[in-house]
Amino acid sequence: MRETPLKIGIIGIGGFALAHHRVILELEQKGLLKLICTCDIYLDMMQETIKELKFEERGVRIFESYLEMIENFKNHLDLITIPSPIHLHGEMHSECVKRGLPVYLEKPPTLDYQELLKMIEIDSSAKKQTNVGFNFVVQKARQKIKERILSGEFGKIKKITFIGMWPRPASYFKRSPWAGRLILDNKLVLDSCFGNAISHYVHNILFWAGRNGIFSWDPVKTVEAELYKAHNIQGTDTVFVLASTENVPDIRIAMTHACIEKTPDIEKIHCEKATIYFEGNARTDEGTGINCQICWHDGKKEVIAEPNGNLLLENILHYANYVTGKEPRPLTKLLDTEPFVMLNSLLYIGARKIYEIPQNYKHVSYDANGETYIEIEKIRKVLEEFIETSSFPSMQKINWGKKGGKASREQVRNLNKIVRMMLK
Ligand SMILES: NC(=O)c1ccc[n+]([C@@H]2O[C@H](COP(=O)([O-])OP(=O)(O)OC[C@H]3O[C@@H](n4cnc5c(N)ncnc54)[C@H](O)[C@@H]3O)[C@@H](O)[C@H]2O)c1
């Protein structure tokens, strides 16, 4: 029998690592977990947070180097979380697994497909499999709908669509050296709305499509894409994708950070007998919740509404329960993210170029805090038309649209070469 509470370490203190610290403090107060060590390369900038989180009183050891931390604590930790920059995940995951540590790795696992394959291989020898922190898989109502899809109740899935409009100010791309980058320190980063901030929903779409049990994500077959950028970054901030998977012939995803208005994140699953509108993060009076409407083609309508708990807390707790044997598997294993990383890779291989939005189609505005936002002219209409008719911007009557292209999975080996060509 293990002693409780489980001893945990966190790599990182600021950025999203702070969200990990906050939920782990909550779990510590409930006697379920105990933070024993943490680290950050920018410790001097973390002093306020270090005080707020009361590390000294809680007896938490702080390191500058994550390697020094895991080397010192490998025999004391029950698990570790890695909420660090994306391009460092591969190395950090490998060093932790080598030392026998169960890993809760933030999403996305990596956006370098070849690196993902190596990580999957490394994980196959891990004592406990790694979990990738895609937050929404934990939702029981989501799992229930997936079960009903698998039972055939709604008929076959014909199409899945999603629009993600997530405004991000110019400062978002300056918060960390890797933000908005294709490559940093000679490593693929591929940070974008699709690969990072809104990636949860791409993983969710592939979850709906997966046929092999509730926890399955469907392999991607082909991808057609156009990529644009309105911000002054290396990568893309506006993405249009048509994809097919083994199970679903028509997946349409359009996302942007170059907007002012945030729209609800609704996953639309068009089946033979019904259309399912699944909003996993709907605003409610109490916080957020699930708002799912099933519109049957015979006119019946079902509504499922339930509040969300703290999804990050539930995800970390689920992994802790997997480590102690109370749960049979992590919610998302590294291997389960292959379809997502493949899809993200094929965007670049298909599109081949990221086109800049000309100045005269960009509108700049400032919010009350002085943050600068860039919006592409009529972006909502362009995204909606794409979702409705599958006409890429290059096929719509707008002047900035430029033709992209198609790719299929065997071309994934060209990812590195093509991304490097994009920089020329
Ligand atoms: N699940 C979610 O909803 C969600 C939300 C936001 C971010 N994320 C994910 O969290 C991860 C971190 O993103 P972020 O924007 O917070 O990144 P970030 O650049 O802010 O880094 C997070 C922290 O890690 C520290 N750090 C950087 N390099 C380090 C190193 N070598 N050793 C130790 N610490 C180091 C940074 O100083 C920072 O404090 C990414 O994978 C991102 O996609 C997930």
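In this predicted model, the shell around the ligand consists of 12 nonpolar, eight polar and three charged residues. The shell has 23 residues in total, and the closest to the ligand are G12, G14, G15, F16 and S176.

The domain assignment divides the protein into domain 1 (6-135) and domain 2 (136-307 + 333-422). The C-alpha centres of domain 1 and domain 2 are 27 Å apart. To the contact between them, domain 1 contributes 20 residues and domain 2 contributes 28 residues. On the side of domain 1 that touches domain 2, helix α6 (residues 113-123) supplies the largest share, with five residues. By class, this side of domain 1 has 11 nonpolar, six polar and three charged residues.

In soluble globular proteins, nonpolar side chains tend to be buried together. The largest nonpolar core of the model has 120 residues, and L79, I205 and L347 are the members that touch the most others. Helix α11 (residues 338-351) provides the largest share of this core, nine residues. Both domain 1 (6-135) and domain 2 (136-307 + 333-422) are represented in the core, each with at least three residues. When residues up to four places away in sequence are not counted, L79 touches L6, I8, L101, P102, Y104, Y319, A320 and V323.

Strand β11 (residues 238-245) is mostly covered, with seven of its eight residues buried. Strand β11 is paired with two strands, β10 and β12. Strand β10 (residues 220-229) runs antiparallel to β11 and is joined to it by eight bridges; in this pairing, V223 has A243 of β11 as its bridge partner. Strand β12 (residues 250-256) is also antiparallel to β11, with six bridges between the two. Here T238 stands opposite T256 in β12. Four residues separate β11 from β12 in the hairpin that these strands form. The bridge partner of H363 in β19 is E375. Five residues lie between the strands in the hairpin of β18 and β19, and G370 in this hairpin takes a positive phi near 80°.

I294 lies in strand β15 (residues 287-296). I294 has 21 other C-beta atoms within 10 Å and is therefore buried, the cut-off being 20 or more. Apart from its neighbours within four places in sequence, I294 is in contact with A274, I276, K301 and E302. The C-alpha atom of I294 is separated by 42 Å from that of G9, which is 285 residues away along the chain.

R329, by contrast, is found in the loop between α10 (311-323) and α11. R329 is exposed because 12 other C-beta atoms lie within 10 Å, and 12 or fewer is the limit for this class. Leaving out residues up to four places away in sequence, R329 touches F215 and Y322. R329 and T130 are 199 residues apart in sequence, yet their C-alpha atoms are 9.6 Å apart in space.

Most residues other than glycine have a negative phi, and most peptide bonds are trans. The peptide bond between K107 and P108 is cis, with omega about -20°. P108 is placed in the loop between β5 (103-106) and α6. R352, which is not a glycine, has a positive phi of about 65°. The position of R352 is in the loop between α11 and β17 (354-356). With 15 other C-beta atoms within 10 Å, R352 is partly exposed. S390 is another residue other than glycine with a positive phi, in this case near 60°. S390 belongs to the loop between α12 (379-389) and β20 (405-408). S390 is likewise partly exposed, because 15 other C-beta atoms lie within 10 Å.

How values were computed
Residues are numbered from 1 along each chain as its sequence is written. This is a predicted model: local features need pLDDT of at least 70, side-chain atom pairs count only at pLDDT 80 or more; totals for chains, interfaces and linings use all residues. A residue is near a molecule or strand if its C-beta atom, placed from the backbone, lies within 6 Å of it. Ala, Val, Leu, Ile, Met, Phe, Trp, Tyr, Cys and Pro count as nonpolar, Asp, Glu, Lys and Arg as charged, and the others, Gly among them, as polar. A nonpolar core is a set of buried Ala, Val, Leu, Ile, Met, Phe, Trp, Tyr and Cys residues joined through C-beta atoms within 7 Å. Domain bounds come from an automatic or database domain assignment. Two residues are in contact if their C-beta atoms, placed from the backbone, lie within 7 Å. Two strands pair if DSSP finds at least two bridges between them.
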